[in-house]
Amino acid sequence: MKKRSVTWVGARRWWRVVVAACVFCVLFLALHPSSAFGHNPITSWTVVRLWPERLELRLEMSAETAWLAMGEPTDSPPDVAGHLPELKAQAPNVYKISVDGSALAPRETNVVFRDEDGSVVIRVIFPRPGAGTARFHANYLAHLPSDHRATLTVKDETGKTVRSELLNAAKTWVDVALPGAASPSAGPSRPTVSFFAFLKLGIEHILTGYDHLLFLLGLLVVCRRFSTTLTIVTCFTVAHSLTLALAALDVVNIPSRVVEPLIAASITFVGAENLVRRGEPKGRWLLTFVFGLIHGFGFASVLREAGVGAGGKALAVPLFAFNLGVEVGQLAVVAILLPLLWKLRTRRIFDRYGVSVISLVVVLLGSYWLLRRTIFA
């Protein structure tokens, strides 16, 4: 009878843990529907190329972004393929370009909807301006959410980056000093990159990167010593900084379709290990370092979306600024999370249920992301 009573008490405990974890996951996914991607997937990117006889602008965005940019309602499913004529009519005005106050008139426009990935590519040709200060104004941002990130990269005739900038609803334009026509004696153009824009991007990415934050929470929730916490955070930082640099330099390049499921799998594994091994799992620093390498490739995808290329001085500033932003955001989260966890551990109910509930939440959300990024992609 006593054994049955103990078993019943254990079953009741786990029933409460499961219910609490499931309720939290449902509420989280309801409040953050885009979290299936781990971080905000709404990004558009523009590359401007200065050819000898023309200025070519190429804007790429998702079908959802294009639908909103057309001024369509947010509650209706995006049907870009069925509204291509309307999109083509608006395409010449996605960007307004002026040089020293004189507007450039588009002379050719092309819009392509790609069925394979549901993306939209808008190509607009302008006459080639001479040297001067060009203002690139992203008109389409007026219809997009405030957290939408638009990247703009301007390249000269030789393919060197002149300027790389991040735009959003609060900052819809940027002034760029255009070089004159290229000549055999002209040296390579010196790129201009906004340090603080990429610093801000790094902070925003880690703070809205729910998958990275959940992985960090799964690691820290079982740490009971400051030395263990410091080792884990250091290993995670060194590992993702290493692969972020390697991927940005194009030394190692792993597609997002492979990296994103691996990130989700790492989250699931950490949560499951917490439930099975209990306490502080030994050798966590090595596991953290290995999984941190994978997360670094995920960070690198943001720089690629921002149009940051490999090689040259154009890479050094955005890479350093973005990685610094990630570390600042990560340290801010740890500084808030650790005292809270340590305080909660003094409560008996958290010591009994808290770690199990949090670890099960980590497993459930990690499994959800894994399925969404593989089977239900």
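Trainee: In this predicted model, which residue lies over the face of W173?

Mentor: The ring of W173 has a charged side chain over its face. The distance from the ring centre is 3.6 Å, and the residue is R135.

Trainee: Where does W173 stand in the strand pairing, and which residue is its bridge partner?

Mentor: W173 belongs to β10. Strands β7 and β10 run antiparallel and are joined by 6 bridges. Within this pairing, the bridge partner of W173 is H137.

Trainee: To which strand is β1 joined by 7 bridges, and is the pairing parallel or antiparallel?

Mentor: Strand β1 covers residues 43–50, and its partner covers residues 149–155. One of the positions in this pairing is W45, which stands opposite T151. The two strands run parallel, and the partner is β8.

Trainee: How many residues lie in the hairpin that joins β1 to β2?

Mentor: Strand β2 (residues 54–62) runs antiparallel to β1, with 6 bridges between them. In this pairing R49 stands opposite E56 in β2. The hairpin joins the two strands through 3 residues.

Trainee: Over the face of which residue does R49 lie?

Mentor: R49 stands opposite E56 in β2. R49 also lies over the face of a ring, at 4.1 Å from the ring centre, and that ring belongs to W51.

Trainee: How many aromatic pairs does a search of the whole structure find, and why is the pair of F215 and F236 tilted?

Mentor: The search of the whole structure finds 6 aromatic pairs. In the pair of F215 and F236, the ring centres are 5.5 Å apart. The planes of these two rings stand at 45°, which is why the pair is described as tilted.

Trainee: Which helices does the pair of F215 and F236 link?

Mentor: The pair links distant parts of the chain, as F215 and F236 are 21 residues apart. The two helices are α5 (residues 210–220), which holds F215, and α6 (residues 226–248), which holds F236.

Trainee: Is F215 buried or exposed?

Mentor: Buried means under 20% relative accessible area. The relative accessibility of F215 is 1%, so F215 counts as buried. F236 likewise has 1% relative accessibility and counts as buried.

Trainee: What is the geometry of the pair formed by F215 and F291?

Mentor: The ring centres of F215 and F291 are 6.1 Å apart, and the angle between the planes is 75°. F215 is in helix α5 and F291 in helix α8 (residues 284–305), 76 residues apart. Both F215 and F291 are buried. The geometry of the pair is edge-to-face.

Trainee: Which residues do ring pairs link into a cluster?

Mentor: F215 pairs with F236 and also with F291. The cluster linked by ring pairs also takes in F269, and its members are F215, F236, F269 and F291.

Trainee: Is α7 roughly parallel or roughly antiparallel to α10?

Mentor: Helix α7 (residues 256–277) and helix α10 (residues 348–373) pack with their axes 8 Å apart, at an angle of about 155°. Their crossing is left-handed. The angle makes α7 roughly antiparallel to α10.

Trainee: Is α5 roughly parallel or roughly antiparallel to α7?

Mentor: The axes of α5 and α7 cross at roughly 25° and come within 9 Å. This crossing is also left-handed. The angle makes α5 roughly parallel to α7.

Trainee: How many residues apart in sequence are S301 and N253?

Mentor: S301 is found in helix α8, and S301 is buried, with a relative accessible area of 7%. S301 and N253 are 9.7 Å apart in space, C-alpha to C-alpha. Their separation in sequence is 48 residues.

Technical notes. Residues numbered from 1 in each chain as written. Predicted model: local features only at pLDDT ≥ 70, side-chain atom pairs only at ≥ 80, totals over all residues. Heavy atoms only, no water. Pairing = 2+ DSSP bridges. Helix = DSSP H or I, 4+ residues; strand = E, 2+ residues; numbered from the N terminus. Phe/Tyr/Trp six-rings, centres within 6.5 Å; stacked < 30°, edge-to-face > 60°. Buried < 20%, exposed > 50% of the residue type's maximum accessible area, 1.4 Å probe, protein only. Lys NZ or Arg CZ within 6 Å of the ring centre and 35° of its normal. Axes fitted to C-alpha atoms, helices over the stretch in contact; angles between N-to-C directions. Parallel < 35°, antiparallel > 145°, perpendicular 65-115°, else oblique. Left-handed = near helix turned anticlockwise from the far one by under 90°.
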